[in-house]
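Please work through the exercises below with the sequence and the model open beside you, and try each task before reading its solution.

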Amino acid sequence: MPGVQARLYPRTNRCEKRVFAGQHIWDSLERAALISALEAKRGTAFVFLDIGANVGLYSLIVAAKAGALRKQVRIFAVEPDPTNRARLGFNIKASQAQITVIPCAVSNRCGEGVMMGGAVNRGEVHLVEDGKAGEITPVKTLHQICKQQKIAGVDVMKLDIEGHDERALAAFFKTAPQSLWPKMLILETGRAAQTPLLDLCAGHGYTTLNRAGINSILTRNF
């Protein structure tokens with residue numbers, strides 16, 4: 001990935017393993033859609049929300065491509081897990097990228113939660129409502145993050161938050177003005193032809209542009 005410098009830990013993170021094994025095919029459709037949206041952007045800065053950023057590979061790709069194209073970008077990488085966030089921070093420095101890191105989990109409410117899991121795969125660290133043991137983390141809504149970061153519009157949002165995706169998006173659609181709804185969504189929706197998350201997005205004016213394994217790429221109809 002030109003312009004991206006990252007230290008990978010393939011033994012402990014499936015995402016990093018997939019990139020290590022074949023970076024040219026890793027999430028190729030998703031990356032192509034993301035880069036096309038960046039290339040098409042005119043005028044104001046391209047805004048990318050990487051919700052559940054993991055070690056930041058999506059964010060780093062956007063930063064590198066924007067630099068090559070001399071385009072202005074605002075990139076926000078949201079990651080609650082300290083281990084992933086440390087790897088993300090290293091990768092940002094190594095790539096000399098301008099990325100705002102937000103250390104919180106995302107759901108349909110604000111407050112605190114507990115992060116659990118990830119012993120085998122750091123990408124599976126997830127928020128639980130009432131865990132008795134685990135890493136305590138602040139929890140924010142998508143709308144709250146946008147307000148705190150003074151985001152007026154979103155070009156692309158990648159959302160992968162291990163089970164809280166539907167509730168987080170439902171709360172966002174309910175409270176955020178339509179001017180803030182992303183023009184493009186990259187979501188983990190599973191392999192089924194139709195899922196509650198896809199139904200939620202369709203009900204709010206999104207069309208599925210492409211399916212890529214367990215991921216879906218959606219665009220707004222208005």
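Helices (H or I, at least four residues) and strands (E, at least two) are DSSP runs that are numbered from the N terminus. The model is a predicted one, in which local features need pLDDT of at least 70 and side-chain atom pairs count only at pLDDT 80 or more, while totals for chains, interfaces and linings use all residues. Residues are numbered from 1 along each chain as its sequence is written, and side-chain values use heavy atoms, with hydrogens and water left out.

**Exercise 1. Find the strand that holds aspartate 50, and decide whether aspartate 50 counts as buried or exposed.**

Solution. Begin with the secondary structure: aspartate 50 belongs to strand β1, which covers residues 46-51. Next apply the accessibility classes, where buried means under 20% relative accessible area, exposed over 50%, and partly exposed in between (1.4 Å probe, protein chains only). Because its relative accessibility is 0%, aspartate 50 counts as buried. Finally, look for its contacts, a contact being heavy atoms within 4.5 Å. With neighbours within four places in sequence left aside, aspartate 50 touches Gly56, Tyr58, Ser59, Phe76, Ala77, Val78 and Lys158.

**Exercise 2. Work out the strand order of the open sheet of 7 strands, and say how its pairing is described.**

Solution. Two strands pair if DSSP finds at least two bridges between them. By this rule the order is β3-β2-β1-β8-β9-β11-β10, and the pairing is mixed. At the edges stand β3 (100-102) and β10 (206-212), each with a single partner strand, so one side of each has no neighbour in the sheet. From one strand to the next the twist averages 15°, with axes taken as lines fitted to C-alpha atoms (for helices over the stretch in contact) and angles running from 0 to 180 degrees between N-to-C directions.

Now take individual pairs. β8 and β9 run parallel and are joined by 4 bridges, one example being lysine 158, whose bridge partner in β9 is isoleucine 186. β9 is also mostly covered, since 4 of its 5 residues are buried. By contrast, β10 and β11 (residues 215-220) run antiparallel, with 6 bridges between them, and threonine 208 has leucine 218 of β11 as its bridge partner.

**Exercise 3. Which strands stand at the edges of the open sheet of 4 strands?**

Solution. Write down the order, which is β4-β7-β5-β6 with mixed pairing. The edge strands are β4 and β6, each of which has a single partner strand, so one side of each is left without a neighbour in the sheet. β4 pairs in the parallel sense with β7 (residues 135-140) over 2 bridges, and valine 106 has lysine 140 in β7 as its bridge partner.

**Exercise 4. Describe the second largest pocket by its volume, its lining and the classes of its lining residues.**

Solution. On a 1 Å grid over the protein atoms alone, a cavity is a set of points where a 1.4 Å probe fits but cannot get out, whereas a pocket is an open set with protein on both sides within 12 Å along at least five of seven lines, and lining residues have an atom within 4 Å of a point. Grid points are joined across faces, edges and corners, and a volume is the space filled by probe spheres set on the points. The volume here is about 170 Å³. Among the lining residues are Met1, Arg31, Ile61 and Lys65, and α3 supplies the largest share, 4 residues. If Ala, Val, Leu, Ile, Met, Phe, Trp, Tyr, Cys and Pro count as nonpolar, Asp, Glu, Lys and Arg as charged, and the others, Gly among them, as polar, the lining has 8 nonpolar, no polar and 2 charged residues.
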